[in-house]
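Dear colleague,

Please find the structure below, handed over for your review. My notes on what was found in it follow.

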Amino acid sequence: MQSTRAGDSAAALEYARRAYQLRPQTPWVLTTLFDLQVRAGQWDEAEKTLDEAIRRRAIDAARGQRDKVLVLNERSRTAEAAGEPARALSFARKSLDLGRDFLPANLRVARLLIADDSVRRATRVIEDAWRQGPHPDYLALYREALAPENELTWLKEAQKLAEQNLGHPETLLALAEAAL
């Protein structure tokens with residue numbers, strides 16, 4: 001804790017690792033180690049620590065699942081940055097499986113599918129996400145995926161997306177934007 005307060009993250013992480021070796025079942029050790037690994041961007045280790053914390057009930061299942069979604073999403077980003085698109089997509093899909101309503105996971109999977117020329121699967125992901133909760137970023141990505149040849153074609157595609165959640169105000173805004 002003193003290292004954290006002093007701003008020495010590396011030392012704090014090392015002390016947390018030592019504490020984990022001595023007392024792996026202690027809840028605060030697991031949660032502190034996880035938090036420090038996340039701050040350091042050590043996503044592989046953070047996922048392992050999170051799994052251990054969930055198994056030992058150091059954190060509740062709902063928080064554990066939410067944190068797992070975030071960690072998997074970040075692992076996807078790291079894999080993509082390392083030039084591993086298949087691995088990035090795998091992590092993104094795992095993240096999406098755990099958190100269907102998590103906007104960044106939906107966007108990440110759709111973007112990776114578009115980059116992989118899997119437009120049909122990407123639009124399906126966006127349509128499913130729109131059904132759960134429309135968002136302007138989904139609309140922009142949908143347009144990018146379909147690359148309509150003209151505005152009339154785009155309006156028809158936007159109407160198809162709108163059918164997934166007709167009663168939502170964001171749907172009405174999307175249709176108005178496409179009509180303009």
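Thr31 is buried, with a relative accessible area of 19%; buried means under 20%, exposed over 50% and partly exposed in between, with a 1.4 Å probe and protein chains only. This residue lies in helix 3, where helices are DSSP runs (H or I, at least four residues) numbered from the N terminus. Leaving aside residues up to four places away in sequence, Thr31 touches Ala58, Ile59 and Arg63, a contact being heavy atoms within 4.5 Å.

Please note that this is a predicted model, in which local features need pLDDT of at least 70 and side-chain atom pairs count only at pLDDT 80 or more, while totals for chains, interfaces and linings use all residues. Residues are numbered from 1 along each chain as its sequence is written, and side-chain values use heavy atoms, without hydrogens and water.

Thr31 also belongs to the lining of the largest cavity, together with Leu30, Phe34, Leu50, Ala53, Ile59 and Arg63. A cavity is a set of points on a 1 Å grid over the protein atoms alone where a 1.4 Å probe fits but cannot get out, and lining residues have an atom within 4 Å of a point. Two or more lining residues come from each of helix 3 (27-39) and helix 4 (43-55), and helix 3 gives the most, with three.

Elsewhere, helix 9 (residues 136-146) has as its buried residues Tyr138, Leu139, Leu141, Tyr142 and Ala145. They pack against helix 7 (103-115), helix 8 (119-132), helix 10 (151-162) and helix 11 (169-179). After helix 9 comes Ala147, with a positive phi near 45°.

With kind regards

Notes:
On a 1 Å grid over the protein atoms alone, a cavity is a set of points where a 1.4 Å probe fits but cannot get out, and a pocket is an open set with protein on both sides within 12 Å along at least five of seven lines; lining residues have an atom within 4 Å of a point.
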